[in-house]
Amino acid sequence: MENFDLDREIARLILFQRIELLTPHQRKIRKLFGRYFFTNFFSKFFINPQEIGKKYFLEMVNEYNLLAKYINFENKKILSIGSGMCGLELIISSKSSGNSFSIIEKNYISKKIKYGWDQNNIEAYNNIAKLNIFLSNNGMMKSRYNIYDFDSDNLPSDKFDCIISLYSLDYHYDFKLYEDYLQRSFHQNSILIFDTIRPDYFLKLFDDVKIIASTQKKIHSSKRILCRGYKY
Ligand SMILES: C[S@@+](CC[C@H](N)C(=O)[O-])C[C@H]1O[C@@H](n2cnc3c(N)ncnc32)[C@H](O)[C@@H]1O
C-alpha cells in the first residue's frame, strides 16, 4: 500500500481529525473567518483531497513505525477508540496478518469544532458510513472489523490484546468515560496506548506506564503512554 483511496468528504473528515494536516494558508483562513465558517463551508469546497490523502498516509505510516517498536501486531485482537478514519488500522492490517479490529467512534460532526478538552464529550468528527467506505476501498475485508457507535451501540464485550486511542481518550475527553469498560476489556497481557497530558496519574491505575513519545503543542503538549497491567 502506498497511498489511500479517498473522496472529498472523507478528506474533509480527516482534516477535522488531524488538524495538523492544514496548510499554513488554510490555518490562516480558519483563524480569520472562524471555526463555524471553516467547518461548514471552506472545508467542503477549498481542500485538495489528494494532497490530504498523501499527508495522512505518511502520518499514519509514522504512527505505525512508532507503535511497531513496542508491539508485534501479528494475530492480535485490536480495539481502537476514536480511530478517526482508521488510516493506522489500515497500515497495521497491511503489515501484519491474523488481526481483527473493533472500532469505537462517534457518528456526527460538531457544527463548530473546538478541539481542546471536552468535559462533556460532545465534540465529534466522524461519519460511520464514510468510514466503512474508506476501509473497504482501501482493502480491509469486512470480516476483519466491526464498528461501534459510542452513542447508540452496545460496546464489544471481548478481551483485547491491544487497545489504541491516538489523540482521543484522555486527550479530548476524560479517561473516566471508559475506565470501567477498559478494565473489563483487559486480560493479563493487554496493552493500552493513548495520549495524555498527565502520565503520572496513570501510575495508580496500571502496573507499568511507559512514555513512548512526546508531542509539543498539537492541541496541547502531551505524552503518548503505553500501559500494562490494570490494577483491580
Ligand atoms: C482528534 S481525532 C483523532 C482520530 C485518530 N485517532 C487519529 O489519530 O487520526 C479524535 C476522534 O475521537 C472521536 N471521539 C470523540 N469522542 C469519542 C468517544 N467517546 N468514543 C470514541 N471516539 C470518540 C472523534 O469523533 C474523532 O474521530
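The protein's secondary structure comes to seven helices and seven strands, where helices (H or I, at least four residues) and strands (E, at least two) are DSSP runs numbered from the N terminus. Followed along the sequence, the pattern reads α-α-α-α-β-α-β-α-β-β-α-β-β-β. The radius of gyration, taken over C-alpha atoms, is 17 Å, close to the 17 Å that the globule rule gives for 232 residues, so the protein is as compact as a globular protein of that length. That rule is 2.2 Å times the number of residues to the power 0.38. The C-alpha trace spans about 50 × 35 × 35 Å along its principal axes.

A word on the model itself: it is predicted, with local features needing pLDDT of at least 70 and side-chain atom pairs counting only at pLDDT 80 or more, while totals for chains, interfaces and linings use all residues. Residue numbers start from 1 along each chain as its sequence is written.

Of the 232 residues, 35% are buried, meaning that 20 or more other C-beta atoms, placed from the backbone, lie within 10 Å of the residue's own.

Eight of its 10 residues are buried, so α1 is largely enclosed by the rest of the structure. Among these buried residues are I10, L13, I14 and F16, and the buried set packs against α3 (35-45), α4 (49-68) and α6 (128-137).

The largest nonpolar core has 52 residues, and I14, C86 and I163 touch the most other members. Such a core is a set of buried Ala, Val, Leu, Ile, Met, Phe, Trp, Tyr and Cys residues joined through C-beta atoms within 7 Å. Helix α1 gives the most to this core, with six residues. As for C86, leaving aside neighbours within four places in sequence, its contacts are S80, I103, L131, F134 and L135.

Strand β1 (residues 77-81) is mostly covered too, with four of its five residues buried. Strand β1 pairs with β2 (residues 100-105) in the parallel sense over five bridges, pairing requiring at least two bridges found by DSSP. Within β2, I104 is the bridge partner of I81.

Then there is the ligand, with 20 residues around it; G82, G84, A124, L166 and S168 are the closest.

Note on methods
A residue is buried if 20 or more other C-beta atoms lie within 10 Å of its own, exposed if 12 or fewer, and partly exposed in between; C-beta atoms are placed from the backbone. Two residues are in contact if their C-beta atoms, placed from the backbone, lie within 7 Å. A residue is near a molecule or strand if its C-beta atom, placed from the backbone, lies within 6 Å of it.
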